[in-house]
Amino acid sequence: MLKKILSTLLAGVMTVAFAAPTYAEGSDGSFAIDSVTAEAGSEFTLKVSVKNSTKLAAFREFVDYDDSVFTIKSAKKGDASNIVLGPTDASPFTVLWMDAFGSSEDQSGVYAELTVSSKADAPSGDYEFVLSYDEFDCVDVSANPLDFAVENGKITITGGSSEQKTTTKVTQ
């Protein structure tokens with residue numbers, strides 16, 4: 001009897017395993033934001049990009065950062081059209097894009113350029129600018145969710161206050 005139960009369970013597990021989609025993480029493309037080194041109190045530019053995607057029809061992504069250290073001074077559209085950029089005083093900052101025609105071309109490129117300043121008294125150290133998206137916020141032309149890898153940015157602040165910071169991770 002136990003053998004029959006185990007055989008039935010194994011068959012069920014195998015059915016589920018073979019029916020589940022199999023793809024590598026980020027197999028549909030990736031989102032990326034620059035990493036830079038900057039002096040405390042300076043301004044710098046971060047580019048928000050899409051890489052290696054021919055299926056992408058729309059996305060909404062968030063750029064989260066330590067707003068006690070950084071301020072987004074301005075945001076401008078990158079290479080693509082149909083971009084909506086969230087208010088610069090919002091954390092997380094939002095980038096929204098949609099391809100109205102559902103092109104199958106590679107959608108790689110810079111989608112936003114953020115001018116960011118760090119506070120003059122910012123502690124020296126590493127900080128993350130974290131990119132994220134919700135499951136149904138990155139889709140193909142049929143509104144199927146896509147699997148995108150994410151390359152967060154690391155900002156290294158130098159010449160800041162003596163208090164050392166080490167990789168400040170922003171959580172949502």
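Let's start with S49, which lies in strand β3, a stretch covering residues 43–51. This is a predicted model, and in it S49 has a relative accessible area of 13%. Because buried means under 20% relative accessible area, S49 counts as buried.

Which residues is S49 in contact with, leaving aside its neighbours within four places in sequence? They are S30, F31 and A32, together with G109, V110 and Y111.

## Two positive phi values

Some backbone angles here deserve a look too. Most residues other than glycine have a negative phi. N82 is not a glycine, yet its phi is positive, near 60°. You can find N82 in the loop between β5 (70–77) and β6. Its relative accessibility is 46%, so N82 counts as partly exposed.

A143 is another residue to look up: its phi is positive at about 70°, although A143 is not a glycine. Where does A143 sit? It is found in the loop between β10 (138–139) and β11 (149–151). Is A143 buried or partly exposed? With 48% relative accessibility, A143 counts as partly exposed.

## A cis peptide bond

Our last stop is a peptide bond. Most peptide bonds are trans. The bond from S91 to P92, however, is cis, with omega near 10°. To find P92 in the structure, look in the loop between β6, residues 83–85, and β7, residues 93–98.

Technical notes. Residues numbered from 1 in each chain as written. Predicted model: local features only at pLDDT ≥ 70, side-chain atom pairs only at ≥ 80, totals over all residues. Heavy atoms only, no water. Helix = DSSP H or I, 4+ residues; strand = E, 2+ residues; numbered from the N terminus. Buried < 20%, exposed > 50% of the residue type's maximum accessible area, 1.4 Å probe, protein only. Contact = heavy atoms within 4.5 Å.
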